Amino acid sequence: MNKAKRNAVIAGNWKMNKTASEARELIDGLLPLVKDAGCTVIIGVPFTDIHVAVEMTKGSNVHVAAQNCHFEASGAFTGEVSAPMLKEEGVEYVILGHSERRQYFAETDETVNKRARAALANGLKTIICVGESLDQREAGVTKEFVCGQVVAALEEMTAEDLKNVIIAYEPIWAIGTGKTATKEQAAEVCGFIRETVAEKYGQDVADALTIQYGGSMNAKNCDELLSMEDIDGGLIGGASLKPADFSVIVEAASK
Ligand code: PGA
């Protein structure tokens, strides 16, 4: 299967930005700009914006993602939100294992896998993030490290589960730094990820998997990144907060 047959997905990761009223304003500006998109469009919003985002995107082509979920359905886990809670709110996707969660909130390969399995079991689709640090890239262990993260994240998942999984390759050194990976660097690692999935689940499953690149993707560099065979979309931080820029990226992925 070639790229043209895979589903292109552009997902915004708003991170900890936008109050509910600000979210309303952003979504209001965004909806008309992406209404004719030829790819899947997702906005990953803070928990407090979910209600507004779901309500405003109803009947539109924009889907809502949360930025995390716990692996238990309920219980004594202060500050956490569960998959059934998100599902009932009308959330469709959840971003998991973002490097900021791994770096600042002690998320591990094991907890990412547990959270992802809980999300899938509750009918949520997942965007699972992986990516190496600058030290790891310079030490020449990028492939080994990123593929190890992929294997760990997919532990105990079936080929059927993979239909609801997107993997986002986000080199940590490119996130929020304005330092984008070159299209060759990004595509190379996305290719390694696809090979890893093929080894475990077979070529058909790997060929159907959407793999995004993330890390300072913007309105200017999106065309060349998205033109690469193994890059099926983007996970967009900073540029997702600007509807005009985000819609240019959506348009690039729609070609
Ligand atoms: P950035 O963030 O586009 O601002 O680099 C990407 C991400 O962290 O998902």
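**Close-up views of the ligand site and the helix pairs**

**View 1. Polar side chains at the ligand.** In this predicted model, a polar side-chain atom of lysine 15 lies 2.8 Å from an oxygen atom of the ligand, and a polar side-chain atom of histidine 98 lies 2.6 Å from an oxygen atom of the ligand. Residues are numbered from 1 along each chain as its sequence is written, and side-chain values use heavy atoms, with hydrogens and water left out. Because the model is predicted, local features need pLDDT of at least 70 and side-chain atom pairs count only at pLDDT 80 or more, whereas totals for chains, interfaces and linings use all residues.

**View 2. A backbone contact and the cover of the ligand.** For glycine 176, a backbone N or O atom lies 2.6 Å from an oxygen atom of the ligand. On its own the ligand has 280 Å² of accessible area, of which the protein covers 95%; such areas come from the Shrake-Rupley method with a 1.4 Å probe.

**View 3. The shell of residues around the ligand.** Among the 13 residues around the ligand, those that come nearest are Lys15, His98, Glu170, Gly176 and Ser216, where a residue is near a molecule if one of its heavy atoms lies within 4 Å of it. Sorted by class, the shell holds four nonpolar, seven polar and two charged residues, with Asp, Glu, Lys and Arg counted as charged, Ala, Val, Leu, Ile, Met, Phe, Trp, Tyr, Cys and Pro as nonpolar, and the others, Gly among them, as polar.

**View 4. Helices H7 and H9.** The axes of helix H7 (residues 142-153) and helix H9 (residues 183-201) come within 10 Å of each other and cross at roughly 45°, the axes being lines fitted to C-alpha atoms over the stretch in contact, with angles from 0 to 180 degrees between N-to-C directions. H7 is therefore oblique to H9, since angles under 35 degrees count as roughly parallel, over 145 as roughly antiparallel, 65 to 115 as roughly perpendicular and the rest as oblique. Helices are DSSP runs (H or I) of at least four residues, numbered from the N terminus.

**View 5. Helix H1 with helix H12.** Helix H1 (residues 20-34) packs with helix H12 (residues 243-253) at an angle of about 30°, and their axes are 9 Å apart. H1 is therefore roughly parallel to H12.

Methods
A polar contact is a pair of N or O atoms within 3.5 Å; within protein, one must be able to donate a hydrogen and the other to accept it, and residues adjacent in sequence count only if both atoms are side-chain atoms. Helices (H or I, at least four residues) and strands (E, at least two) are DSSP runs, numbered from the N terminus.
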